[in-house]
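Work through the exercises below with the sequence and the structure open. Each task is followed by a solution in steps.

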Amino acid sequence: MATTLTASGDQNLLLLAAVPVLTAALWYTLRRSKFDVNSIRGPARDSWWYGNVYQLLGAPLGELEREWQSQHGDIVRLQGPFANPVLLVMDPKAIQYIFQNSVDNFHLDRERNFFSEVLLGNALPVIDGEKHKRQRKILLPGFSAAEVKSHLGIFTIDAAKLVEKWKKTIDSTAQPAAVINTTSDMTKATLDAIGIVAFDYSFNALDDSNNELTKAYQDILFTLFGKPRPQDELALAFLRFIPENLVRRLLASGPIPKLQRAQAATKLADGLIARSLRDKQIQASVEHDKSKKDILSLISRAYTSDNEKMRLSDSEMVSTMKTMILAGNDTTSTSLTWALYELAKAPQLQAELRREIHEMNTWEPTFKDLEGMTLLNAIILETLRMQPSLGTVYRQLACDEVIPLSTPLKTTDGRSLHELPVPKNTKFLVSIESYNRHPDLWGADSNEFNPKRFIDANGKLGMNGFSDIMTFGFGARRCLGWRFAVLEMQAFLFQIIGNLEFAPSAGSEKVVRMGGAILTPIVPDEFSKGAQMPLTMKYAKFE
């Protein structure tokens, strides 16, 4: 009898012990069925070690996105190292949800963000949450429409200097036309502009080919992020197991070849910023006129503000200024380079724009003049749509989510999903390129350069302008300097197309669009030379 009771008691204890195990197993099974991202269709991987994300990031921007989109739909399951799923998002409604409706739940990708921190520190592009909201609030007044207008004169002067340099190059050939790598000089000209506008500092990059900072920042984003190797993705995967502080110390000073240029550029920028902070004249001017909202005055006031919540720390001050050098220069110069590329391939459109410029009868247009130039602004919009400076952004889920979809998504087991449940920590590649070219938004000619899609029947800019394209992002993470970038493009294109005529060259016919980081024009058989956009240019005719 005692033996029977003991056996019965043991069975009860076993049952009690099994309850949490069975409950956990049931929860895992239900969770797996709810969040079965592996049922999303996608291309096969070459290797369990490396996955296939590196293939997308190393290919010309848009090629694999469009191929996989046609095969698998607007959400594609890729695989990182160790077969970890990574979702490529091209569905318009899903993208809008990620950036507008649920932005606080979709954080920056932890591992990739470490590399951005090497260049930018703790500036807006590399922080999340309340820190991001606070910094954005401090800096926002300096990028208002009213303040941006005041920079037009500087943009006009630097654009005219660039035109004169190109004219001298043409004259030196003793030929009516010359082939010039527009990328190199465009980067220098926009760096000069950002130096004056942001820091009241003359880089003199366009005149000085030996400028250290110019050389340090030339193609730096492409060097750091462009065309990743399979082993680069594998190294990123291992970083998730290393404490953050240790990773930051390793990347900031470790002997890693790919990071050495970033470390050198950071050191140079830090020196420049330190000198600016010690400049008593700058501090005196800020104290004299508290109403000034130019970028330099704004961040200097935030640095010394009595209001702790509106005060930038030393590291925030330095990081903000480094971001202005990089983001305010590289992205705009890239967009201008692609605008010239598109216009070189469309001579009639280029001539039409030149007529619009010449009809203004001035080389010093006002802000109102530029805003009223329909074709100029339509061309800028279409360039930014077709050639986004940042083609892909990375996100990681901070909590479980259910993402709405524009069109039903077919799964590997035949189901049709109208919304997509996704578990915490899932990684995403969000394709700005695909949003800007999605046929459901832009029509059957979405892959064609057609600026007149933005012009209505009355000859005015239609649609919602820069709010329709995703090049500057959406919502709380929308690019703070978008007005700044647009005005600079307006001023530069006005001077350049008004004075010079562009045509393709043998080199530009070979150019491919390399993403991974900033959209970079590369001549494949001259990859080691970095960014190149060789175009044929000559003096424009005045009609």
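**Exercise 1. Contacts and burial of S333**

Task: Which residues does S333 contact, leaving aside its neighbours within four places in sequence, and is S333 buried or exposed?

Solution. The model is a predicted one.
- Step 1. Beyond its neighbours within four places in sequence, S333 is in contact with M186, T187 and T190.
- Step 2. S333 belongs to helix α17, which covers residues 314–344.
- Step 3. The relative accessible area of S333 is 3%. Buried means under 20%, so S333 is buried.

**Exercise 2. Strand β8 and its partners**

Task: Determine which strands pair with β8 and in what sense, then explain why β8 is described as largely enclosed.

Solution. 
- Step 1. Strand β5 (residues 392–397) runs antiparallel to β8, and five bridges join the two. R395 has F428 of β8 as its bridge partner.
- Step 2. Sort the side chains of β8 by direction: K427, L429 and S431 point one way, F428 and V430 the other way. Residues of both groups are buried.
- Step 3. Because five of the five residues of β8 (residues 427–431) are buried, the strand is largely enclosed by the rest of the structure.

**Exercise 3. Aromatic pairs**

Task: How many aromatic pairs are there, and how are W49 with F82 and F106 with F428 classified?

Solution. 
- Step 1. A pair of aromatic rings is described by the distance of the centres and the angle of the planes.
- Step 2. With ring centres within 6.5 Å as the criterion, the count is 14 aromatic pairs.
- Step 3. W49 and F82 are 5.9 Å apart centre to centre, with 70 degrees between the planes, and the pair is edge-to-face. W49 lies in the loop between α1 (2–34) and α2 (53–58), and F82 in the loop between β1 (75–79) and β2, 33 residues apart. W49 is partly exposed, at 46% relative accessible area.
- Step 4. For F106 and F428 the centres are 5.5 Å apart and the planes at 65 degrees, so this pair is edge-to-face. The pair links F106 in strand β3 (residues 106–108) to F428 in strand β8, 322 residues apart. F106 counts as buried at 1% relative accessibility, and F428 counts as buried at 1%.
- Step 5. Ring pairs also join W48, W49, F82 and F238 into a cluster.

**Exercise 4. Charges over rings**

Task: Over which rings do the charged ends of R112 and R478 sit?

Solution. 
- Step 1. The charged end of R112 is over the ring of Y394, 4.4 Å from the ring centre.
- Step 2. The charged end of R478 is over the ring of W482, at 4.8 Å from the ring centre.

Terms used: Residues are numbered from 1 along each chain as its sequence is written. This is a predicted model: local features need pLDDT of at least 70, side-chain atom pairs count only at pLDDT 80 or more; totals for chains, interfaces and linings use all residues. Side-chain values use heavy atoms; hydrogens and water are left out. Buried means under 20% relative accessible area, exposed over 50%, partly exposed in between (1.4 Å probe, protein chains only). Helices (H or I, at least four residues) and strands (E, at least two) are DSSP runs, numbered from the N terminus. Two strands pair if DSSP finds at least two bridges between them. Contact means heavy atoms within 4.5 Å. Rings of Phe, Tyr and Trp (its six-membered ring) pair if their centres lie within 6.5 Å; planes under 30 degrees apart count as stacked, over 60 as edge-to-face and the rest as tilted. A charge sits over a ring if NZ of Lys or CZ of Arg is within 6 Å of the ring centre and within 35 degrees of the ring normal.
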